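Reader: Please take me through some local features of this model, one at a time. I would like the general idea before each case.

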Amino acid sequence: MLLTEYRLDLVIRALRSILPLEHPADATLRHFFQHERIGSKERALVAETIFGVLRHRLFLEQACAQEATPRRMTLAYWIRFGGYNLRELEPLLMHGESSWLGQVKAISLATLPLPVQAELPEWVIEQLQPTMSDEMILALGRSMQSPAPLDLRVNTLLATRDEVLQTFQSEGMDALPTPYSPIGIRLKNKPALAGHPLFLSGKIEVQDEGSQLLGYLLAPKRSDMVVDFCAGAGGKTLMLGAMMQSQGRLYALDVSEKRLANLKPRLKRSGLSNLHPQLISHENDSRIKRLYGKIDRVLVDAPCSGLGTSRRNPDIKFRQSPESVTGYTRMQASILASASKLLKPGGRLVYATCSFLPQENHAIIDAFLTEHPAFIQRPAGEILAQNKIPMESKTFLQLLPSLHGTDAFFAAVLERVKTTSPQEI
Ligand SMILES: C[S@@+](CC[C@H](N)C(=O)[O-])C[C@H]1O[C@@H](n2cnc3c(N)ncnc32)[C@H](O)[C@@H]1O
């Protein structure tokens, strides 16, 4: 696209509102677009540049030295990562910028510190280093510098994956089955699907492949009583309902009225009639006490730092901190302890996060198992193998964009032992 003063100015103004990162970048950008009457080409350029700058923020700050202004960050992004050359940028440049951009282009990435190469804050690297080599950290960081593909889940209540694939292929779309999830489809380009008949009829939902695997770990049966403890807008609940073939009883709990409200239109499209959304005020809400000891399957998709979604939300790395992670770990331990009370003896609980930090994952499970002798861990790899899902994982499921091409997810499968006495519940 031709770069003009007007287009550069738009990007700079958008970046100026986003870079303080007081709010999520996508929300600030939406707000910016609502107040600017601009064409679709400009919108695309602004969005692509903003997210590109966020994905390469640490490199760009290093390249801009002491002057990481929105203007310099934008120009440095365009020349280094945006596919533009100096000749195309020249008409926009001020005195001295041309030679500086020449230097930016020539920076050798390999000479830069690990956080800059990996585009991960130092505190994140420090938390990963006890369990990951620097090579793995670098691969993880690099894998999150490109946008995620668009993954869909086929609603098996209404369609099969083959039918949906055939429809997409007949429309000339680049659609492939996902490698791990038996009901997933990956679209290479990102077509707008909101008006597509398959979407409107509830046959497909947008859901990352990694998130779909959590449903296979929980593996609810038709007549089960199931609780999705942190259901949000129902990303995973809807899959669980379809796995239960709209039978049994599926409670979707959450503390956020807004998120549960966003579940409603999706629920309507899905054709499910076994789902019961329930707003709760906290994890020990008296409304759930009546379910204690009665539930076959519980999913705890816990609130977390969300670092595993950095391909989609590149600003999240800079909006979290060691302190915010500590806050999440407190919430995670408390929600897990409460949710576990719902399980009947022999029942299964899946604890999951979209974080790759051991603090939010293994540490929570280790502490839970120490404090709750009535629970044992089931190997995630075995359960996936029963569903013919090829995965090298053994005890835990640990998905990484660098290894699996999905968002990063962690999951552990816990089971309440059959002999638990009522007092232990
Ligand atoms: C990771 S998100 C869940 C995403 C959702 N499962 C999905 O697939 O779309 C975590 C959710 O936990 C909810 N939450 C936070 N604290 C909670 C609590 N104490 N009890 C239940 N849900 C809680 C949040 O509102 C948020 O929707």
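Reader: Is Arg 186 buried or exposed, and why?
Author: A residue is buried if 20 or more other C-beta atoms, placed from the backbone, lie within 10 Å of its own, exposed if 12 or fewer, and partly exposed in between. Arg 186 has 20 C-beta neighbours inside 10 Å and therefore counts as buried. The model is a predicted one, where local features need pLDDT of at least 70, side-chain atom pairs count only at pLDDT 80 or more, and totals for chains, interfaces and linings use all residues. Residues are numbered from 1 along each chain as its sequence is written.

Reader: Where does Arg 186 sit, and which residues does Arg 186 touch?
Author: Helices (H or I, at least four residues) and strands (E, at least two) are DSSP runs, numbered from the N terminus. Arg 186 belongs to strand S3, residues 184-187. Two residues are in contact if their C-beta atoms, placed from the backbone, lie within 7 Å. Leaving out residues up to four places away in sequence, Arg 186 touches Pro 149, Asp 151, Leu 176 and Thr 178.

Reader: What does UniProt place at Cys 354?
Author: UniProt positions are given in the numbering used here, with feature names shortened, and annotations may be inferred rather than shown by experiment. The unreviewed UniProt entry places the feature "active site" at Cys 354. In the model, Cys 354 lies in the loop between strand S9 (343-353) and helix H18 (362-371). Cys 354 counts as buried because 25 C-beta neighbours fall inside 10 Å. Not counting residues up to four places away in sequence, the contacts of Cys 354 include Cys 304, Gly 306, Asp 407 and Phe 409.

Reader: What is the phi of Lys 388, and where is Lys 388 found?
Author: Lys 388, not a glycine either, has a positive phi of about 60°. Its place is in the loop between helix H19 (380-386) and strand S11 (397-399). Lys 388 counts as exposed, because 8 C-beta neighbours lie inside 10 Å.

Reader: How far apart are the C-alpha atoms of Arg 186 and Ala 219?
Author: They are separated by 22 Å, with the two residues 33 apart along the chain.
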